[in-house]
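I opened my notebook to look up a few things in this structure. Follow along with me, one entry at a time.

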Amino acid sequence: VATHGLRVLLLDRDNLPRPKVCGCCLSPLALSELDVLSHQSGSPLKSQIQPLRKLTVVSQGHAASVPYAQGGVLSRISLDTQLAQHAVQNGTHWLPNTRALHWKDEGNFISLTAQTNNELSYQIRARRLLLASGLHNAVRCSVNPTAEGRYHRRPPNNRIGLGATLPATGGSLKPQHLIMAIGNGGYCGLIRLEDSSIDVAAALHPSVLRQAESPAKALLHLLTQAFHGTICPINDTALNDMSIRATPQLTHHTRPVDPNCRKLFRIGDAVGYIEPFTGEGIGWALLSARLASHAIISEAGHLRPATQAASYYQRSYHRALSKHHHRCRLVSLALRSPRLVSTSVQLASYFPKITGSVAQFITGNTPAK
């Protein structure tokens, strides 16, 4: 948006670089969106990305591996910092350590109340507001904060995200190799990052966490279930010694445009999240940001009327992402049955061609042309 000469302010509740609970995999969609950003600005946005070559699914002591046609790996510490720097280089003003609290519709403008880390509050008036507020949906309307709850849906038996970053010596995991370990009540992804550290990201049912002594113990229990007598590539001591970060409940759905204010657009996890399996979430976030930008700015480079822009964004968002969400919904349901997954993994060794096709469907991956 800033490249069209409009004044853009990016608020960030913390500073960068910082870690985030994430599998750190980049799907083909995510890589494609990074290419689009790089092409538009003329500056590369894919430095440090490591290729992802192999996917292994492990369940109840059985494992199946398939080649990974396209995909990448990059820590959120690196990716998020590059994205913020890219925005600033292209004319965006960045304001870190500032939390958005609530908003209010004021006719032609939308007013946002923000607060710095030293608790200094002030008002920001804008013609359009894009919320990338993540899973929590904490930025509410100041006039009627409970109204938005009616449009924010979470399914029963929802899972919680857990994540940790282990040192390079924290396991024997090979580079460019993603392992998905599936057990009762959840699954866990393991991948080496660009600095050789190991990213651990899991989605667990809350009951699993309640029954465990600690989040680390819950993760270790899931890995023990998945590998069941075979060698786990993660060092138990390393995982026990690391601080574990958590997210709110994962799967949810909120409308991309606020029904009470057509000047407010949601992007990324703030719109919806359906337990992406191997990096789809980052791709969805980048694509939704681009679609919102196209909705807000006309082909002539001018600000579209709010109602027109809102309709444009809603249509383009659902047209572009509904098929991805539907696929991940099916995968998420299947992963809730470890017996089904274990049986499928055992059969995979006998039918490698079918296994490859299924893996492409699960990950959103297609063979390179």
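**Entry 1: the lining of the largest cavity.** I looked up which elements supply at least two residues each to the lining of the largest cavity, and found strand 20 (272-273), helix 6 (280-296) and helix 7 (306-335). Helices (H or I, at least four residues) and strands (E, at least two) are DSSP runs, numbered from the N terminus. Helix 6 gives the largest share of that lining, four residues.

I noted that this is a predicted model, where local features need pLDDT of at least 70 and side-chain atom pairs count only at pLDDT 80 or more, while totals for chains, interfaces and linings use all residues. Residues are numbered from 1 along each chain as its sequence is written, and side-chain values use heavy atoms, with hydrogens and water left out.

**Entry 2: the cavity itself.** A cavity is a set of points on a 1 Å grid over the protein atoms alone where a 1.4 Å probe fits but cannot get out, and lining residues have an atom within 4 Å of a point. I found two cavities of 30 Å³ or more.

Who lines the largest cavity? I wrote down G268, D269, G272, Y273, G281, W284, A285, S288, Y317 and H325. I sorted this lining into four nonpolar residues, five polar and one charged. Ala, Val, Leu, Ile, Met, Phe, Trp, Tyr, Cys and Pro count as nonpolar, Asp, Glu, Lys and Arg as charged, and the others, Gly among them, as polar.

**Entry 3: R327.** I found R327 in helix 7. Is R327 buried or exposed? R327 is buried, because its relative accessible area is 9%, and buried means under 20%, exposed over 50%, partly exposed in between (1.4 Å probe, protein chains only).

**Entry 4: P215.** I placed P215 in helix 4 (residues 215-227). P215 counts as partly exposed, because its relative accessibility is 36%. Leaving out residues up to four places away in sequence, P215 touches L162, L209 and I244; contact means heavy atoms within 4.5 Å.

**Entry 5: the whole chain.** I counted nine helices and 20 strands in the chain. Buried residues make up 49% of its 369 residues.

Definitions and conventions
On a 1 Å grid over the protein atoms alone, a cavity is a set of points where a 1.4 Å probe fits but cannot get out, and a pocket is an open set with protein on both sides within 12 Å along at least five of seven lines; lining residues have an atom within 4 Å of a point. Grid points are joined across faces, edges and corners, and a volume is the space filled by probe spheres set on the points.
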